[in-house]
Amino acid sequence: MKVLKGFSYLPKQATPFFVGLMLLELVVGALMTGSPVVTLSDGLTSLSAGMISRLPLLVMRGCELSAYVYVWDHFLLWELPWDSAWTWWLTFLGVDFCYYWVHRFAHEVAILWAAHQVHHSSEYYNLTTALRQSLTQQFTSWIFYLPMALAVPPSIFAVHIQLNLLYQFWIHTELIRDLGPLEWVFNTPKHHRVHHGRNLYCIDKNYGGILIIWDRLFGTFAAESDKVIYGLVFPIRKFEIIYVQLHYYVYLWKKSRAYKTISNKVSTFIKGPSWKPGKPRLGDHVDNPKVTGNEVPHNPNWLLSFQVYVGVHFLLVLWTYHELFESKMVLSQLAILGMTSYVLLTLTSLGFIIEQRPSSAFLETVRCVIMVTLLRYNYLRSPMPLLSVPTEVS
Ligand SMILES: [Zn+2]
Ligand SMILES: [Zn+2]
């Protein structure tokens, strides 16, 4: 089942394509709007979330694939021929249909939203937002695709799930305004902007992956009208990556503890994120803070020298991350765990610097000592020989 490697994750061959489009958006955006469409603090937080979301691949090679293949092996009802155009189109529709429901449940069930809120936690909307992915969502989303294993060969399914995710990258932009008749059928930047909005008319709308027809069919479609204000209804205004990933689980736990009855405690996790006792299943969005259209995204001022420092160290840890994935087959589990911890520590420390926390100097000093030690003992390889720590005196 080699073809299934990377199931539910974007293939690494997509990286140059992503980087090229993000740079293009940066340049075209600056020319069109006269100001940067990406900020360093928000953009790096999004890219960090994307990196973290792929870390489980290092230690657990696709337990979720095993489930798809297990269902295929044991419960196959009707084997669709892998080389038929019909199979290709049916799988395309099937994956997109399942994605609609994965996504809708991720918004309508609070414990699933705790994972998915990461993707919505940016107050900006650009291509880096597409990569702001959840660490934990992958542990539940695969369940929704299992019915396809009754008929669709795993190899065909694996191709389509990746195509579906790849498609959704380019729609995270404000630079493409309207695509005419394509807007009737496809999920486009215009439709997905609404999905990321916190305006009342945007909440719980436009769940589609490639096609928008599912939203039109199931009554969750909304057309873009008022200026969209992006992000969570209660913006988190944080750049600390572990907090961004996990804070909502803590919030839900505290919310449930405040209720006396078991029924209310359980409802906290399985009903909508805005649910409260006495309210409908999805809560009452009229209770949410009003959007005026004048909201300004959180973008703290910080020294240029710190921005350069964070930018350089982010590129260095990106290199380490790339090397870690390249060499995971020859590393011991302990070494992988150690390097994964180092990547997490680095991204956390850079987030602390962006937030200008008082403890950032101490944390960054500890991190730099660990970095030099890892370089000294060859656990880290420098992208440039000049940055290497000498290990011998000649
Ligand atoms: Zn969503
Ligand atoms: Zn999105």
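How far apart do the end C-alpha atoms of residues 84-102 lie, and how much of the span is helix? I looked this up first. The ends are 27 Å apart, with 95% helix and 0% strand. Helices here are DSSP runs of H or I with at least four residues, strands are E runs of at least two, and both are numbered from the N terminus.

**Ground rules.** I am working on a predicted model, where local features need pLDDT of at least 70, side-chain atom pairs count only at pLDDT 80 or more, and totals for chains, interfaces and linings use all residues. Residues are numbered from 1 along each chain as its sequence is written, while chains are lettered from A and ligands numbered from 1 in the order in which they are written.

**Annotated spans.** I checked the UniProt record, an unreviewed entry. For residues 142-163 I found end C-alpha atoms 15 Å apart, 45% helix and 0% strand. The record also gives "domain: Fatty acid hydroxylase" for residues 89-220. That span is 52% helix and 0% strand, and its end C-alpha atoms lie 24 Å apart.

**Domains.** I noted domain 1 (2-218) and domain 2 (304-387); the bounds come from an automatic or database domain assignment. Their C-alpha centres are 28 Å apart. Ten residues of domain 1 and 13 residues of domain 2 make the contact, defined by C-beta atoms, placed from the backbone, within 7 Å. On the domain 1 side, helix 2 (40-54) and helix 3 (56-59) each supply at least two residues. Helix 2 gives the most, with seven residues.

**Cores.** I then turned to the nonpolar cores: sets of buried Ala, Val, Leu, Ile, Met, Phe, Trp, Tyr and Cys residues joined through C-beta atoms within 7 Å. Buried means 20 or more other C-beta atoms within 10 Å of the residue's own, with C-beta atoms placed from the backbone. The largest core has 49 residues. Among those with the most contacts inside it are Ile52, Cys98, Met148 and Leu350. Helix 16 (333-355) is one of its contributors and provides the largest share, seven residues. Domain 1 and domain 2 each give this core at least three residues.

Neighbours within four places in sequence aside, Cys98 is in contact with Phe144, Tyr145 and Met148. Another core, of seven residues, lies apart from the largest one and includes Tyr125, Val194, Cys202 and Tyr230.

Technical notes:
Two residues are in contact if their C-beta atoms, placed from the backbone, lie within 7 Å. A residue is buried if 20 or more other C-beta atoms lie within 10 Å of its own, exposed if 12 or fewer, and partly exposed in between; C-beta atoms are placed from the backbone. UniProt positions are given in the numbering used here, feature names are shortened, and annotations may be inferred rather than shown by experiment.
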